[in-house]
Amino acid sequence: MSFAARRLAQAVPLLLIISLLVFGLIHAAPGGPLSLYLDNPNVRPEDIERLKRAMGLDKPLGAQYLSWLASFVRGDWGYSYADGRPVTERMLERVPATLQLVGISTVVAVIVSIGVGVGAAMRRGVDHAASIGAVAGLSVPVFWLGLVLQLLFSNTLGWLPSSGRASFIGGGLADRLAHLVLPVTVLAVAHAAGWSRYLRGSVRLALAQPFANAARARGVTETRIVLRHALRHALLPFATVVLLDASIMASGAVVTESVFAWPGIGSLFTEALAKRDYTVLMAFLMCASVAVVMLSFLADVAVHALDPRTRNAS
Amino acid sequence: MRATTRLPRQAVIAGATLIALVVLAALAPVISPFAFDALDLAHRRAGPSVSHWFGTDELGRDLLTRVLFGARVSLAVGFVSAAVSVLLGVAIGATAGWTGRWIDAVLMRITDAMLAIPRLPLLMIAAAILAPNVAVLVLLVGAAGWMETARVVRAEVQSIKANDFVTAARAVGAASSRVVVRHVLPGVLPTAAVATTLAVGRGILLESALSFFGVGVQPPAASWGNMLYQAQTTMTSEPWLGIFPGALIFLTVLCCNTLGTALTER
């Protein structure tokens, strides 16, 4: 069996366990997915019975799980309790905004991490400052950082818009870019903190290897050794670390999009949370987890294809 | 030898700050300048001043007092949830590493699955469904944080298991449980200590995020997170209500992470 096929065979049971956990979580609610209606005095008991039958909630739990899983795989994710529209539709319309925000902040974080990581691997002074910065970046509450930046740059200085994706009127490119600055900064800070330390570590490791010493002996300058040899060595594991952090990105996007009223999937999630819109919440959790599993699958397959050493090891 | 095992200066400062925060929180009823829910209607929404160092909220309650009392909840959630996470992580990791075979395979697949589900949204849904009191919230946050510890502990137990002293202990007829408790788990202690320090910070961050979204600690109880939840709508007019609780979350988590990093590098 090829590596990709074997790796995919591992992903399937993983996805099944995830689906069981997510399904179990929603059905742990007193009253199950209908608990929202149970609290509402305007919904009559016979309506609840009718809804239960319509949604298949009167069937045994195992049968419910199987039919839910089957329709999830088919892309039928049910209807939002909040406005009755298909969940798939509500989520799809939010995808572009999230991809834009997460994509741009990932690129920014990668560029910053490479710069800071390489600097820290080469200079002691940079390393010291970078390690303090990284611990700070990992420790700051994301939503508080967002609120403070809004307060400073939007309300006090008036340089940047505080929320949304574009102004209602006259939304040109500059306006859209201005709206991106704060949310991208907040998301990038958290990622760059961890990633820069990782890159510094792997560049250091590469610099201690015989090939680096051989290059030094040939009289190659340290800068050139770092940029041409050590960094190349470090980039592949770095790329997998970035892909493997998708789970943290999803959490970060939820918080950042809510603070900045960014109209993406993350703010759809918090809107759904406030209304206890379980079909949307469940679909979000499943999609995010499937994306995480898929990205780690891609990372493994890519490393296997690009790095011959991993093939010999396995 | 002593000099090399001493902690770096920033870790000592971080540890001292943490202890100071815990002492201040414990003494909150004694040292706070006002009663927890004392109203000062003449000084509502007042900025920081000599009498109210951190200012007052919309009911004229002293923010410094509320931050001190909030520290009790936030720190308690951080420390207890960390203990829950690490105990779970050590138990699951040690079981997987020691027994091996299918038990190991099953436990590690569950660990992978839990790691793949984004932690904060998962906790937010769980908290929204269960509407927990502080005790249940602590268990939830703890139950969401054992996976990293379990993985590291499993790897360590596997390598300790291969040592001669373990083989010797089994050879003289020691029961499996005795070997694990007396010979294997002590070797895992340093890892568990680091994991606990980092888990305290993570627990405080998670609690604050849950409370910030209104599904964590509920008023009238105060935690740093739910103080921010109440402050976010008035951030422009009364910024101190949000700045101080958030700064304390930042400071506390910073201390935990500095300490944890220093312990890892030793």
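Partly exposed here means a relative accessible area between the buried limit, under 20%, and the exposed limit, over 50%. Keep that in hand for the first stop. The model is predicted.

**Stop 1: chain A, a loop**

Select Arg276(A). Find it in the loop between helix 13 (265–274) and helix 14 (278–306) of chain A. Its relative accessibility is 26%, so Arg276(A) counts as partly exposed. Now check the backbone. Phi of Arg276(A) is positive, near 50 degrees, and the residue is not a glycine. Most residues other than glycine have a negative phi.

**Stop 2: chain B, helix 5**

Go to Arg101(B). This residue belongs to helix 5 of chain B, residues 101–116. Is Arg101(B) buried or exposed? Arg101(B) is exposed, because its relative accessible area is 74%. Phi is again the thing to inspect: for Arg101(B), a residue other than glycine, phi is positive and near 50 degrees.

**Stop 3: chain B, helix 6**

Select residues 119–130 of chain B, which form helix 6.

Next, colour helix 6 by accessibility. How many of its 12 residues are buried? The count is 11, and the helix is mostly covered. Among the buried residues are Arg119(B), Pro121(B) and Met124(B). Leucines are there too: Leu120(B), Leu122(B) and Leu123(B) are buried.

Terms used: Residues are numbered from 1 along each chain as its sequence is written. Chains are lettered from A and ligands numbered from 1 in the order in which they are written. This is a predicted model: local features need pLDDT of at least 70, side-chain atom pairs count only at pLDDT 80 or more; totals for chains, interfaces and linings use all residues. Side-chain values use heavy atoms; hydrogens and water are left out. Helices (H or I, at least four residues) and strands (E, at least two) are DSSP runs, numbered from the N terminus. Buried means under 20% relative accessible area, exposed over 50%, partly exposed in between (1.4 Å probe, protein chains only). The expected span of a helix is 1.5 Å times one less than its number of residues.
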